[in-house]
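Visitor: I'd like to go through this one slowly. Can you show it to me before we start?

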Amino acid sequence: MLKLIKQFFGKKEKSQRDPQKTKSIQATSHSVQPHKAKVRTSPNPETKTAKPRKSHHNKEKIGGKHWLKASEYGIYPRMIQRNALTVVEKLQRNGYEAYVVGGCLRDLLLEKKPKDFDVATNANPEQIKKIFQRQCRLIGRRFRLAHIMFGREVIEVATFRAEHQEEHHGELSRQNDDGMLLRDNVYGSLENDAHRRDFTVNALYYDPQNNILIDYFNGVEDLRNGKLRLIGDAETRYQEDPVRMLRAMRFMAKLDMFLERDTEAPLKRCAPLLKNIPAARLFDESLKLLQNGCGLKTYELLKHYDLIQYLFPTLTPFFTEHQDSLAERMICTALHSTDERIKDNLRVNPAFLLAAFYWYPLREKIDQLKNEADLNNFDAFSVAASEILDGLCRALTVPRRYTMVIRDIWQLQLQLPKRSGNRAEKTMEQPKFRAGYDLLTMRAELEGSELIELVKWWHEYQLSNSQQRENLMVEQNERHPQPKKKRRYRRRKPNTKAKNAE
């Protein structure tokens, strides 16, 4: 009986002591737990990777020459877009490295407003998809990316890239005979990714959790000096992606920078590689070049480095030594107008810009067809417009929604001089009337003569009420009376009944 009582109370005391013992054991095990290392994604995204562990910054690295205190450069987490911070925090919470990266940091250092915020991580696209699920959309084959959707806003997330090795060729990496990358999905570490970036000013990484700015190639110093420098051998980097030449022009114009000598040297030699770029991609790049608020300066740089001919080959015959042809002057006028509209936060339409670029080539083609093929004005316009647009679309895949507007703007140049009767009212009802009128204004600035009077008339007509418009039409008809149409006499048919009666 005594033994049973001792056993009963002994178990109770043991059960009361066990939780404390358990807590002490857990505390001891937690205190001796080793520091968790950063996880690097396997180069092959299809192979199964180990479960990611939380990554923490090494104090030695933070004190290193590449790891800078962002606050000393005026960058704080509050300056980063909320959705970008959310993506970085969620990736880090799931045990991955994640940084805000690229052009947004460059713009913040220059005290400019970033257009968008991108993120780089060591998680591969499939792992990103697993974390964000329906909110994530994977895109691209050549360069696999993840888009994290926040309503209409998109945060682009790229996996750290690495240098290409022979064993990677195939599904992960592919190059053509000219060295251009056809597929670039070899994954690596943060430092590998920095080496794969194009320019030093874009190879910047920011960790908002620790407010650390990572700069492997002195991009901050280059930014201060206004120097644009490619990472690695310039010719090899241009061969990998010839669009980098166009990006160099854009950054030089937009950021007011100069090209480093080694980066500049192979430009003209590598320029023909742009022929290998798909026309659709060149169209997107041309919009970035000419609609960035510094379009005129970018155009001058493109001409200086002989790159313009690969974007607008059908315009090159109209370029002169002194840059004084009507076509060249129109291009400069249109780009200057576009730059001013962007500074004033007004909308710009690529269709108007292209319509202005190709107006004088179109007019020359119309005159040629009228003289050689003996076509009337309307038929000559239809044929010439089709030929000019075909040439444009071969170089740049311009979407149909733009080519239709271009044709409408050109058509209005033929309609605006005709104001008799109710033609003025019908012309003004055209959807693209304002764009057509703006092009007419630019033409009057370049050509003068009768176009100045035409522009003034249309300006007054737009600001007038119905009674004033009628008065304008009466004055117009008195100055330029409409020629009377010749009356056509129909040949009378013979009276068959009279003949039959005879």
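Guide: A salt bridge is a side-chain nitrogen of Lys or Arg within 4 Å of a carboxyl oxygen of Asp or Glu. This is a predicted model, where local features need pLDDT of at least 70 and side-chain atom pairs count only at pLDDT 80 or more, while totals for chains, interfaces and linings use all residues. Residues are numbered from 1 along each chain as its sequence is written, and side-chain values use heavy atoms, with hydrogens and water left out.

Visitor: OK, how many salt bridges does that rule give?

Guide: The count comes to 19 salt bridges.

Visitor: Which residue does Asp-193 form a salt bridge with?

Guide: Asp-193 pairs with Arg-197, and their closest N and O atoms are 3.2 Å apart.

Visitor: And is Asp-193 buried or exposed?

Guide: Asp-193 has a relative accessible area of 4%, so it is buried. The cut-offs are under 20% relative accessible area for buried, over 50% for exposed, and partly exposed in between, using a 1.4 Å probe and protein chains only.

Visitor: Now Asp-438 and Arg-434. Where do they lie?

Guide: Both lie in helix α20, four residues apart, which is about one turn of the helix.

Visitor: Changing topic: what describes two packed helices?

Guide: The angle between their axes and the distance between the axes. Axes are lines fitted to C-alpha atoms, for helices over the stretch in contact, and angles run from 0 to 180 degrees between N-to-C directions.

Visitor: So at what angle do α14 and α15 pack?

Guide: Helix α14 and helix α15 (residues 350–357) pack at about 160 degrees, with their axes 8 Å apart. That makes α14 roughly antiparallel to α15. Angles under 35 degrees count as roughly parallel, over 145 as roughly antiparallel, 65 to 115 as roughly perpendicular and the rest as oblique.

Visitor: Which residues make the contact?

Guide: On α14, Met-330, Ile-331, Ala-334, Leu-335 and Thr-338; on α15, Leu-353, Ala-356 and Phe-357. Contact means heavy atoms within 4.5 Å.

Visitor: How do α14 and α20 cross?

Guide: The axes of α14 (residues 326–343) and α20 (residues 433–447) come within 10 Å and cross at roughly 130 degrees. The two helices are therefore oblique to each other. Their contact includes Leu-326 and Arg-329 of α14, and Leu-439 and Met-442 of α20.

Visitor: Last one: what does Asp-107 touch?

Guide: Not counting residues up to four places away in sequence, Asp-107 touches Lys-112, Lys-113, Pro-114, Lys-115 and Leu-255. Asp-107 is in helix α4 (residues 103–109). At 5% relative accessibility, Asp-107 counts as buried.
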